[in-house]
Amino acid sequence: MNPLYMIFGPVVLAALVGIFFKEDFLVKIISLVLFVSMLIWSVSMLDTASINSFSLLGTYIHCNLIPIDLTLQVDRLSAVMLILTFLLLILVTLSSWNIKSSAYFALLIMFAGPITGVFLSTNLIWFFIFWELTLIPMFFLIGIWGAEGRIYASIKFFLYTHFASMLILLAFFLIYKQSGIMDISMIKESMLATPALIWWLMFIGFAVKMPIFPFHTWLPDAHVQAPAPISVLLAGVLLKMGAYAMIRFAIIMMPQTAEKYSYIILILGLITLFYAGFNALYERHIKKMVAYSSISHMGLVAVAISTVTYAGLSASLFEMIAHALVISPLFLIAGLLHERTGSWYMKDMGGLMQKAPFISTVFVLASLAALGLPGTVGFIGELSILIASIQKYGLWLAVIAIGSIIGAGYLIWTLRRVIYGEISDSVKTSNFRICKTRVFALLIFALLIIIFGLFPSILFDIIDPAFQAFNHTGGAL
Amino acid sequence: MNTLIIILLTLPFVSAIIAYIAGRSNQKYSFWIAEITGIILFAITLILFFNYSKPYSIDIEWFKFANISMPMGIYIDSLSLVMLLIATGLGALDIHFAHDYMQDDPHKPRYYSEVLFFIGGMILLVSAAEMTGLFMGWEFMGVASYLLISFWHHQKAPADAGVSAFLFTRFGDIFLFAAIGILFYASNTLNLEQLNTMAVSGKIDKDILFVSALFIFIAAIGKSGQFPLFPWLMRAMEGPTTVSALIHGATMVNSGIYIVARLFHLYTAAEALTVVATIGAISAFLGATSAIVQSEMKKVLAYSTMSHLSIAFVGLGASSLAAGMTHLINHAIFKALLFLGAGAVMLSAHHVKDMWRLGSLGKKLIWIAVFMGMGVLSLSGVPPFSGYYSKDAVIAAAWLSNDTQGAISILVTVAGVLSIVYIGRLWVLIFAGKARDEKLYKEIKKPSLFWIVLPLGVMAVLTLIMGFFQESISHFISGNDLPHMKYLGYYMLSAVILLAIFVYLFYYRRLDITQKLYSHPFVKGLHNILFNGWFIEKIIHWGVWNFIVEGIAKASYYFDRNIVDRFINFSLPASSFINHTLNRAKSLTPSQDSAYTIAGVIVLIAVIAFGGIR
């Protein structure tokens, strides 16, 4: 199938749907069908991407004046990212079933286009265009369907990440200026005259997106104000875009420079891990707590990326998927609690288990996974990162373990405050019945957390080839 | 055999799910599924035990990434088999007992499925060949313990107790987690037997070995309720008594000792056994002294569990695997007996835990009094009950070994001898004397013979019979004799008899004098210290609250809001741009804003494109 349809099709479809369909149920079905078919398509690409280098899907739009050939290539890394994205989009659609607006789902459909472009296009300019275009549906989704402070949050989110994009653009500009090539698959580190400068620009640009301390402050605001399913999309896809780009550009493309500055990523990653954890420990706003927990996990991903080794990158990709699976149900349930009790603060909650056992059980399971309990995906991520980073940096990296006791601290106390204990008035008077599709989405998250936790080889078999070549050549893919 | 082993490892988890689902239609089903599962598991263990000739082992690769392979094999040797017998045997008896104990609870399916999950975790722990499987079982038990302690989660105290249990043990567990990373780095294997052989042959760096042994021991301290991570164990008594019996008396708390025993050669090579013995001796003393003054019977048993586990630790610390492990086995049986006995008393006495409200129950609950009495004799070390032999073996080992002679051996002897005081006091206060609460006394219910008394009887008989097989158990586990010291048994026995007379006088004959004594300011102060477990919990709580939560966490909370956020918002080169736009953007509609952005992007692309060409 022509991959162009997968990128521009959704955008056109979104426009049509937004204009002609006022019945939201129909749009929901359309978006589900679209995302499921795109998931199938991206899974089928795993075969094409079985070897660990780029395979060409097609080159479109040729211009002699400027190098804006839309080159679409897929490798294992981008295929895995696409699968994760569409899986999350399906679950996000299911869990926003209660929103009665066709425009909302049209925006979700629209989001699917550029995000496919981000993961497939190897032309720097097109990569950048798609990168920026993903912001637009996000901006509206937060700005229109968000909570009270949505305007401030969406603008902060937009400007913040936009500012980061400027640095990235500058870096791309320098890359092109120095190497004369606009295609990632052909750029070698040795072609660049000032690799350090380019690396730093890209690192900061992507670090904002990931986010890494000290560039993380947009995230709690954006997450808190966004509607819960959009928080899932932010945490599961947008942050992963940052990590993906970090791996793709700052690590795989420039392994020597990355090696040189690996300690900086490591230290910032460790700071993020602990610092965000401590923030979550003091946080009484339930969704902000989850947001800080999300940042803390991304710190772990940064630690794994900083190793610049096959094992570390593999572990980081696993942890990225684990993070998406674990943090999403937490966001969904935190959002649900606010939706039904009208409060963000844990003091107004308590005893949820007595009122809504299913939701509470999923929340408990996801919390246990987030603190790295064996048998859940969270543990496999932590274990592989621990082993990979100790292999690279030596024994002192055992300090990563401290992250999981901080995690246990805030998550177990949250469970005590929200799920267990005496039932609070606002929980008692609220109704926690949710429609079947939202139950189904939570169930899928819970099952995936356990299945990948008990049988991680299913997931590792898929993601591991992504970095195989990185080992052999000691660098460039 | 391999099929049986796989069934042994998977059945509890499968049954846990089935018990929960089946219990939703009829709560009775969940009990029967649990009961049958318990019996099957015990039967499989017995088959494995009687056919044992050499260790059973199965290699399984769990997952592989990059060039790193993570195995999760199964390895069952004599040590594992003994632990399996305890876990499944006592587990089955405990489930049987719960039929009556949990009868009125509306959440039986959840109870049985969590108990089965726990048993599964314990089986996984003891039959794991690698650190990964061991850690998995370790954490499964931790989470089952957390869920079961807060089984009545709608009340404040059990919910808090669950948090305490989880965080205290988790604090230890992160060290085990770190040790996994360290050992894998140092030896490139996580196989427990290989780690032992590599440690002995000196292939692992001595310092690394010591650090990892220490880290693993910290996890053991947390799980086995040793000083200073024991306060959770006392709080855990908020859970159902059947849970306290199984998890916090007989099985899970043993896992700390098991892990040290499993890596015994590593500990020997790392010269870390002295640390084990020291912590054990301190905990034994603290636990024994605190147990003497508790007023709740479950708290007495909790402190005595702590004290006796420490005695087993001292046995290992004195380089005697045999003494430590035999004491662990004997302790598991008589402690489960005592806990379930306490549960039976509570069931009959309308869930009153305070011993000062009971008394004279021996007349009404004669069988429970007899069986608990046998547990009391075994715990305090009276021949021919099993506790006598193993406790004396540990104390002998402590006096014989050069490393532990002195303070450690004195402390453990004192703790061992003091057992009779707290446990005798417990028995006397419950079953002898006058009924102190007449109203309660009249309402005492008779327990069911089949569901309540039978499991107690089985364990009471076991603790008696086991006394005759101490040497063979010791041989089965370690291949060595129990340590023996001349005349030690006589000394210990005479001390026990003397103290028994003391208990008789103070808690039976002249209870009035004892009560008067308590009002003396010095005794009152001492009583207060002991009653609160030497204030360890208060100190830890104060430290964590003031330094971690109100210190670091609060500081980073305000730092993030007032420094990082503002700095990034306003002092970057683009600050004026952001500020300006933020102000202006309030008057923009979102569509205008995005239109500007897209326009901006296009302009920038053009600039780059043309800039690049020149």
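Chain B has 27 helices and four strands, where helices (H or I, at least four residues) and strands (E, at least two) are DSSP runs numbered from the N terminus. This is a predicted model, so local features need pLDDT of at least 70 and side-chain atom pairs count only at pLDDT 80 or more, while totals for chains, interfaces and linings use all residues. Residues are numbered from 1 along each chain as its sequence is written, and chains are lettered from A and ligands numbered from 1 in the order in which they are written.

**Chain B overall**

- Along its principal axes, the C-alpha trace of chain B spans about 100 × 60 × 55 Å.
- Of the 614 residues in chain B, 55% are buried; that term takes 20 or more other C-beta atoms within 10 Å of a residue's own, against 12 or fewer for exposed and anything in between for partly exposed, with C-beta atoms placed from the backbone.
- Take the chain B contacts between residues at least 6 apart in sequence: 79% of them join residues at least 24 apart. A contact here is a pair of residues whose C-beta atoms, placed from the backbone, lie within 7 Å.

**The nonpolar core**

- The largest nonpolar core holds 433 residues, and such a core is a set of buried Ala, Val, Leu, Ile, Met, Phe, Trp, Tyr and Cys residues joined through C-beta atoms within 7 Å.
- A:Ile449, B:Val314 and B:Val412 are the members that touch the most others in that core.
- Leaving out residues up to four places away in sequence, B:Val314 touches B:Ala277, B:Gly280, B:Ala281, B:Ala284, B:Val394, B:Ala398, B:Thr404, B:Ile408 and B:Val412.

- As background, most residues other than glycine have a negative phi, and most peptide bonds are trans.
- In chain A, the loop between α8 (195-209) and α9 (218-225) contains A:Pro211, and A:Pro214 is found in the loop between α8 and α9 too.
- The A:Met210 to A:Pro211 peptide bond is cis, with omega near -10°, and the one from A:Phe213 to A:Pro214 is cis with omega near 0°.
- Over in chain B, B:Ser360 isn't a glycine, yet its phi is positive at about 65°. B:Ser360 sits in the loop between α15 (321-348) and α16 (366-380) and is partly exposed, with 16 other C-beta atoms within 10 Å.
- B:Trp534, another non-glycine, has a positive phi near 60°. Look for B:Trp534 in the loop between α24 (521-531) and α25 (536-570) of chain B, where B:Trp534 is partly exposed, with 19 other C-beta atoms within 10 Å.

Notes:
Two residues are in contact if their C-beta atoms, placed from the backbone, lie within 7 Å.
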